[in-house]
Amino acid sequence: MEVVQVLHMNKGNGDTSYAKNSTVQRKIISFGKTIIEEALLELSSNYDIDSMGIADLGCSTGPNTLSVISEIMDIVRATSGHLRRPLPEFRLFFNDLYSNDFNYLFMLLPAFYKMLKEEKGIGLASSQCFISGVPGSFYGRLFPSNSLHFVYSFSSLHWLSQVPVGLESYAVKHLNKGKVYISKSSPQSVVNAYSSQFQADFSQFIKSRSQELVPGGRMVLSFLGRKSIDPTTEDGCYQWELLAEALMSLVKEGLIEEEKVASFNAPYYAPCAEELKVEILKEGSFIIDRLEAFEVDWDGGAVADTHTEQGKMMVGERVAKTIRAVVESMLESHFRMGQDTMDALFIKFAKIVGSHLSKTRTKYINFVISLVRKG
């Protein structure tokens, strides 16, 4: 599976689209707002910027994308007014992989430009806004040297650049049979492969941004992780454990081949805080300003009585829609499932999630890191 070519959130705005099923990501964004505001206030107070380069890495599509950049512009506008400085022009860059639904995002821009002009005065002679799409992997250079002042990334960096070496679908021996990610039953070689891939990817990400950000530039990163140093703990991998269970139930029904499950490993990794610190300090270009951890409900925290069977099923269905909007492209590419089989998979997954609500915690751990590019 070529992650760069295959991975994308579900397109459009239909029932299973990412645009309609990104409540969890919206909740995660809300946790990062205060940290973004602090970083921008520090940046704007210390530097008089005429033309501000801002990049959203892993922008995806839908309303979340434009809501974040709108709030960033509000913060910059308020800070500029407080400091009695003219509003800078904005150079906004939306980055994601090549298969991202940029068309849907760009169709939202006319209304966004209109809002900027009418409500914020941006787009008039005194302040301009230039928006560009930048397709490509953020695990490498995307922008010219010293061209950015602020970089942010939400709900993206837990995706790896590739399936870890040795776990690819074409590997001679499948080491993680019956599972799709790290689990309690995974051999140590699987855990090591995932850890090594994360280290290589994250260090390359940090190195690339160190060249693109100006000295003193700021970066806020938010992505899923785990509290424990042990990568097999439930807060780092349990959703994948339940997805594997749903896939194996399809195997029993003869809807997919067991060999296909054995050869599938998700290009994902939930790091702990210690792993993040090690890679950032090793690269050496950034100072860690803040590193916070938050808990997020699997379904985004919607109200439901999980003491009743109906409530459990409602939560299970919401979780299934959220996960499907994110992973369907990978499953479709690997398993070559038809629509009916895909529907059956996530109906089973919803039931499995619902049945586990009384047995285990169903919360993600999400990190928010604020970094300063050394001068």
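Let's start at Tyr268. This residue is buried, at 4% relative accessibility. Keep in mind that we are looking at a predicted model.

What does Tyr268 pair with? Across the whole structure, a search turns up 20 aromatic pairs. One of them joins Tyr268 to Trp159. The geometry is edge-to-face. Now place the two partners. Trp159 is in the loop between S4 and helix H6, residues 188-212. Tyr268 is in the loop between helix H8 (258-262) and helix H9 (273-283).

Ring pairs link Phe138, Tyr139, Phe198, Phe202, Phe205, Phe223 and Tyr269. Pick out Phe205 from that group. Arg209 lies over the face of Phe205, 4.9 Å from the ring centre.

Next, the cysteines. How many disulfides are there? The count is 0. Take Cys129. Its nearest cysteine sulfur belongs to Cys59, and that is 14 Å away. The cut-off for a disulfide is 2.5 Å between sulfurs, so a gap of 14 Å rules Cys129 out. Cys237 is in no disulfide either: the nearest cysteine sulfur, on Cys272, sits 13 Å away. Buried or exposed? For Cys129, relative accessibility is 9%, which counts as buried. For Cys237 the value is 4%, again buried.

One more site: Ser147. Where does it sit? Ser147 is in the loop between strand S3, residues 129-135, and strand S4, residues 148-154. Its relative accessible area is 15%. The limit for buried is under 20%, so Ser147 qualifies. Which residues does Ser147 touch, leaving out those up to four places away in sequence? They are Gly53, Arg91 and Glu212.

Last, confidence. The mean pLDDT of the protein chain is 88. Of its residues, 92% reach 70 or more. Where is confidence lowest, and where is it highest? The lowest is helix H1, residues 3-6, with a mean of 64. The highest is strand S1, residues 51-57, at 97.

Notes: Residues are numbered from 1 along each chain as its sequence is written. This is a predicted model: local features need pLDDT of at least 70, side-chain atom pairs count only at pLDDT 80 or more; totals for chains, interfaces and linings use all residues. Side-chain values use heavy atoms; hydrogens and water are left out. Helices (H or I, at least four residues) and strands (E, at least two) are DSSP runs, numbered from the N terminus. Buried means under 20% relative accessible area, exposed over 50%, partly exposed in between (1.4 Å probe, protein chains only). Contact means heavy atoms within 4.5 Å. Rings of Phe, Tyr and Trp (its six-membered ring) pair if their centres lie within 6.5 Å; planes under 30 degrees apart count as stacked, over 60 as edge-to-face and the rest as tilted. A charge sits over a ring if NZ of Lys or CZ of Arg is within 6 Å of the ring centre and within 35 degrees of the ring normal. pLDDT is the predictor's confidence in each residue, from 0 to 100.
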